[in-house]
Protein chains: 2
Amino acid sequence: MMASIKGVPICKACCATNNNHRHCYYYSKQVGLSESGSRNLLNLRVQNKWECRLGGVLTKTQTATTPVEENDKPSVDGNGETQITETRRFHRDLQSLPRPLSAIDLSSSLSDGSKVRVAYQGLPGAYSEAAALRAYPECETVPCDEFEAVFKAVELWLVDKAVLPIENSVGGSIHRNYDLLLFHRLHIVGEVQVVVNHCLLGLPGVRKEELKRVLSHPQALDQCEMTLNKLGVTKVSTNDSAGAAQITAAERVRDTGAIASVRAAEIYGLDVLAERIQDDTDNITRFLILAREPIIPGSDRPHKTSIVFSLEEGPGVLFKALAVFALRNINLSKIESRPQRYRPLRIVDDSNKGSAKYFDYLFYVDFEASMAEPRAQYALAHLQEIAKFLRVLGCYPIDTTL
Amino acid sequence: MMASIKGVPICKACCATNNNHRHCYYYSKQVGLSESGSRNLLNLRVQNKWECRLGGVLTKTQTATTPVEENDKPSVDGNGETQITETRRFHRDLQSLPRPLSAIDLSSSLSDGSKVRVAYQGLPGAYSEAAALRAYPECETVPCDEFEAVFKAVELWLVDKAVLPIENSVGGSIHRNYDLLLFHRLHIVGEVQVVVNHCLLGLPGVRKEELKRVLSHPQALDQCEMTLNKLGVTKVSTNDSAGAAQITAAERVRDTGAIASVRAAEIYGLDVLAERIQDDTDNITRFLILAREPIIPGSDRPHKTSIVFSLEEGPGVLFKALAVFALRNINLSKIESRPQRYRPLRIVDDSNKGSAKYFDYLFYVDFEASMAEPRAQYALAHLQEIAKFLRVLGCYPIDTTL
């Protein structure tokens, strides 16, 4: 189902700057995780730039046959340590590489019979991992320590897909992750909505009344405020909820619990002391599935298309932009403006050229039509007349399971 | 400038459930803050309901003369401990109470000469406190442990105003705080934009190269990833950045630093080892100023109006809603849709009636016109024809300082 607990979390940033990974386990001193814990990290020597061109794997003029380094694919040695070397290059036919899935190919195995590998940010047991497993139930999940590394993992063909949380019903849209979509050239090929089920976890046999402190990400602690207040416990912040479960299991102190998922309890050998402890019962996170290639939209299922555009500022300009959809009876499922006048964005646009651009505003719109429909094509052509900048992030089947 | 470091942080939730405040200092065990630290918390016995009617201070039929408990105003004893008792009621004329400010009255003293008291979520040195001091430079700032307590503090006349972060240029809109605006009957009377300046803080005399671990809120740690990676330090999550500075000062370990504001350095006696260490230099948070009464919009400065509304679902409905502004040449500075079909919202609407409502979508719109202008009045009357629900959150001068 997933790589393994000790298997290959990808750490882009620290590997790029040093190799001791001291900061990879945020809680190392408290929980006694030694620096040797870093041996499980995939050593991904990438440059900290959006224009990634390591070993020619991803170039601006990528063609059907791409020069690939054999060792860009991680090889795990006996200690679980992985290395990328920049020697021994060869050209490999793209046919032998994992191929992009089509809309009707949301299965868990590739055409060559191997499992789909899906990168996510966080530790095993994270909600992002749950999203990956909902999209591809038999996939191999690959934990990454940060979102940038998730993108790189797909771009460098280390994995086939990525999952990216993009909005939460309580927290709102995650602008930072929209930025990452614009910095990179991955395509949205699906969406998954996950109902957040915060559980109170403890060591086996512990009763919840015994708990004196509870660990989790501050947002999870906030979302479970009433339950925690009733218990009268001390709240301790950690970097993520799955990490809190990991720490609880490692510390083995009976009065310490964690807020995390049921799956985190299974992975770290903890008991679920209480389920659905969040104050706001309907807490849903929407994740995007990303791939190197767009899917070919089918006509068998309802699709949506996600776009980003900017406009000249002024009264009525947005109204005109939305007219391109209203005039063609296309429904919008999301619209969001984002003031951007104080910072340039380094964007890779549809022409595949990267540049730093200033915008007054960016607009994020999801509309309920497939790019295979003429009305969607006409609407986008019309919008192009008005917009200063326009990028189609992807067209994908709507998640109708909730 | 502010109440004091040891002064009155307001803790609603734990006071409502128990009095030992064990969970108020999230990091107590690690930093050795004893439970007696809780003596500084304002003991605010409020019910955990949006319909707050403690001692008749805020009723649904509030009129010009309101029954008020003398002791709803906190009285601080020698230990900094405060108590509210529910006896000794009397009627006090509203004239003797702090009065709402008008648009041109963004000063720091009330008509009776006393200082404006402004509640914020967090600890002294938090960015919210900086926002309060930008709006009211001479005000007395009152820390609260959570956002709900910030609202209650204004509703119960314990303070005059509140500051509430509503969106960040990197993190996006904070839906949870929009919810709080809908649950309560406070009015937006101003906005403040604060440039986030993350600083690396350490004990006096420490050089940044000596640091081995750095504490802060996970978002701040994320936003300063590159600097921290260069230093090769361990990142440790805390509940807020000012809290990280507090812990660093309390621990007195030379290899531990914090990411927080310059002001936090001053308050907790730390050195600023580096300024503006965030990866994304233009990181701006927008705060709202809230009060019990709306302001009377002036015509001397440009104003904006913030509204929330819902629509029937279907193609073109949003287009029609936005037409009410476009047809009157009113510019929008913000629009955001929020799918809401899975959860009811308990809303206090303009008729001052509270009820649980289901919406398909909520829309948050800020438009650049004052409610004093006929075109704004006409636009809202027109929108009312289309919307299933509409609430004006406030009309206030635009912050044009950035």
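I am working with a predicted model here.

**Entry 1: a helix pair**

I looked up α10 (residues 317–326) and α11 (residues 374–386), both of chain A, and found that their axes come within 8 Å and cross at roughly 165°. Angles over 145 count as roughly antiparallel, so that is how I describe α10(A) relative to α11(A). I also noted the hand of this crossing of α10(A) and α11(A), which is right-handed.

Which residues of α10(A) meet α11(A)? I listed Val317(A), Lys320(A), Ala321(A), Val324(A) and Phe325(A) on the α10(A) side. Across from them, α11(A) brings Ala379(A), His382(A), Leu383(A) and Ile386(A). Sorted by class, the contact of α10(A) with α11(A) holds seven nonpolar residues, one polar and one charged.

**Entry 2: a sheet**

Next I traced an open sheet of five strands in chain A, with mixed pairing and the order β14-β13-β15-β12-β16. I wanted to know which strands stand at the edges. They are β14 (234–237) and β16 (271–274) of chain A; each has a single partner strand, so one side of each lacks a neighbour in the sheet. On average, neighbouring strands of this sheet are turned by 35° against each other, direction ignored.

I then zoomed in on β13 (residues 213–216) of chain A, which runs parallel to β14(A) and is joined to it by four bridges. Ser216(A) has Ser237(A) of β14(A) opposite.

**Entry 3: a helix on the sheet**

Last, I checked α8 (residues 241–251) of chain A. This helix lies across β12 (199–202), β13 and β15 (256–260) of chain A, and runs at about 155° to β15(A).

Technical notes. Residues numbered from 1 in each chain as written. Chains lettered and ligands numbered in written order. Predicted model: local features only at pLDDT ≥ 70, side-chain atom pairs only at ≥ 80, totals over all residues. Heavy atoms only, no water. Axes fitted to C-alpha atoms, helices over the stretch in contact; angles between N-to-C directions. Helix = DSSP H or I, 4+ residues; strand = E, 2+ residues; numbered from the N terminus. Parallel < 35°, antiparallel > 145°, perpendicular 65-115°, else oblique. Left-handed = near helix turned anticlockwise from the far one by under 90°. Contact = heavy atoms within 4.5 Å. Nonpolar A, V, L, I, M, F, W, Y, C, P; charged D, E, K, R; others polar. Pairing = 2+ DSSP bridges.
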